[in-house]
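Please keep the model open while reading.

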Amino acid sequence: MTSEAITADAAGTWKLGDLTVNRLGFGAMRLTGSAAFHLGTPSDRERSLAVLRKAVELGVNHIDTAAFYFSALRSANELINSALAPYGDDLVIVTKVGPYRDYAGEWATAARPDQLRGHVEENLRQLGRDHLDVVNLRRLEQDSVAEHFGALAELREAGLIRHLGISGIEPKHLAEAREIAPVVCVQNRYALDRPDPEGDELLRLCGESGIAFVPFFAVAGSGGARGAADTHDDAVLAVARAHGASPAQIRLAWSLHQGAHVLAIPGTGNPEHVVDNVAAGALRLTDEELARLGASHHS
């Protein structure tokens with residue numbers, strides 16, 4: 001397939017509350033280094049800025065980030081601010097709060113409900129915004145999300161946040177959050193090669209409720225924060241050959257085919273990969289191809 005002429009609107013659109021985004025977005029985690037967080041070597045700053053500008057040039061208007069996305073030298077939020085501010089009216093920046101890393105990059109105790117305002121204000125400061133478009137509460141093993149989500153709902157009422165989402169959850173947590181305030185998106189790990197009955201149920205529930213389902217590590221799969229694996233199963237390779245596409249593009253296309261409410265947020269530190277990732281939004285898989293690919297997800 002020819003990637004250069006394809007823009008993010010080829011994947012179609014969805015609404016996060018009243019904010020319309022192209023379903024093919026961008027995840028900022030990999031902007032800061034060769035692997036997420038402190039796992040790799042810091043990125044070249046100019047190259048990371050070029051990645052962001054290329055993404056927006058190709059019509060990406062949904063960027064996922066967090067204040068805890070940083071390496072020894074790079075901060076995703078600082079890069080976004082430097083590359084894209086002043087922000088376009090149609091650009092939607094989604095961040096998440098809950099986890100916390102200290103200045104040395106070590107993971108520390110997750111935020112208490114009363115600390116979430118500080119997390120929100122740190123994202124505002126780094127991004128140079130007076131409000132955040134969407135904030136996801138990233139659940140960290142707590143059985144109930146009510147206090148944390150309630151604290152974010154108060155910040156939404158105060159005008160610091162426009163819309164709320166939730167991440168790393170089970171179906172019961174979605175129901176709990178929706179009793180407190182509207183939920184516009186659910187962000188969970190979900191991938192072609194990762195059987196996930198609970199994720200399948202969340203995917204279904206979100207579709208029925210008009211809530212965006214936003215899978216992360218859709219390309220990396222089992223590689224997770226360290227990046228995509230080099231090996232792919234026979235089904236992915238066969239479908240990729242049939243479309244003249246890469247395995248990563250097939251993984252993204254499969255994700256988008258799981259429902260009109262599914263949004264993809266592939267991340268990269270390579271401007272050429274941005275072009276390829278965006279182009280995946282134009283791939284149309286047949287029912288037979290989807291069934292063949294789905295066999296590894298449901299096995």
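An open sheet of 7 strands runs in the order β3-β4-β5-β8-β9-β10-β11, with parallel pairing. β3 (26-27) and β11 (212-216) stand at the edges with a single partner strand each, so one side of each has no neighbour in the sheet. Strands count as paired if DSSP finds at least two bridges between them. Helices (H or I, at least four residues) and strands (E, at least two) are DSSP runs, numbered from the N terminus.

This is a predicted model: local features need pLDDT of at least 70, side-chain atom pairs count only at pLDDT 80 or more, and totals for chains, interfaces and linings use all residues. Residues are numbered from 1 along each chain as its sequence is written, and side-chain values use heavy atoms, with hydrogens and water left out.

**Inside the sheet**

β8 (residues 132-138) is joined to β5 by 4 bridges, and the two run parallel. Here V97 has L137 in β8 as its bridge partner. β8 is also joined to β9 by 6 bridges, again parallel. N136 stands opposite G165 in β9. β9 (residues 161-167) is mostly covered, with 6 of its 7 residues buried. Buried means under 20% relative accessible area, exposed over 50%, and partly exposed in between (1.4 Å probe, protein chains only).

**The whole chain**

The chain has 10 helices and 11 strands. Its radius of gyration is 18 Å, close to the 19 Å that the globule rule gives for 299 residues, so the chain is as compact as a globular protein of that length. That radius is taken over C-alpha atoms, and the rule is 2.2 Å times the number of residues to the power 0.38. The C-alpha trace spans about 50 × 40 × 35 Å along its principal axes. Of the 299 residues, 55% count as buried. Among contacts with a separation of 6 or more, 75% come from residues 24 or more positions apart. A contact means heavy atoms within 4.5 Å.

**A covered helix**

How many residues of α8 (residues 247-256) are buried? The count is 9 of 10, and the helix is mostly covered. The buried residues include P247, W254 and L256. Their cover includes β11, α7 (234-243), α9 (271-279) and α10 (287-298).

**Pocket and cavity**

Both kinds of space are found on a 1 Å grid over the protein atoms alone. In a cavity a 1.4 Å probe fits but cannot get out; a pocket is an open set with protein on both sides within 12 Å along at least five of seven lines. Lining residues have an atom within 4 Å of a point. Points are joined across faces, edges and corners, and a volume is the space filled by probe spheres set on them.

The second largest pocket has a volume of about 470 Å³. It is lined by 25 residues, and A67, F70, R101, E122 and Q126 are the closest to its centre. β5 (92-97), β6 (100-101) and α3 (116-127) each give two or more residues to this lining.

The structure holds 1 cavity of 30 Å³ or more. Its lining includes F26, V60 and P266.
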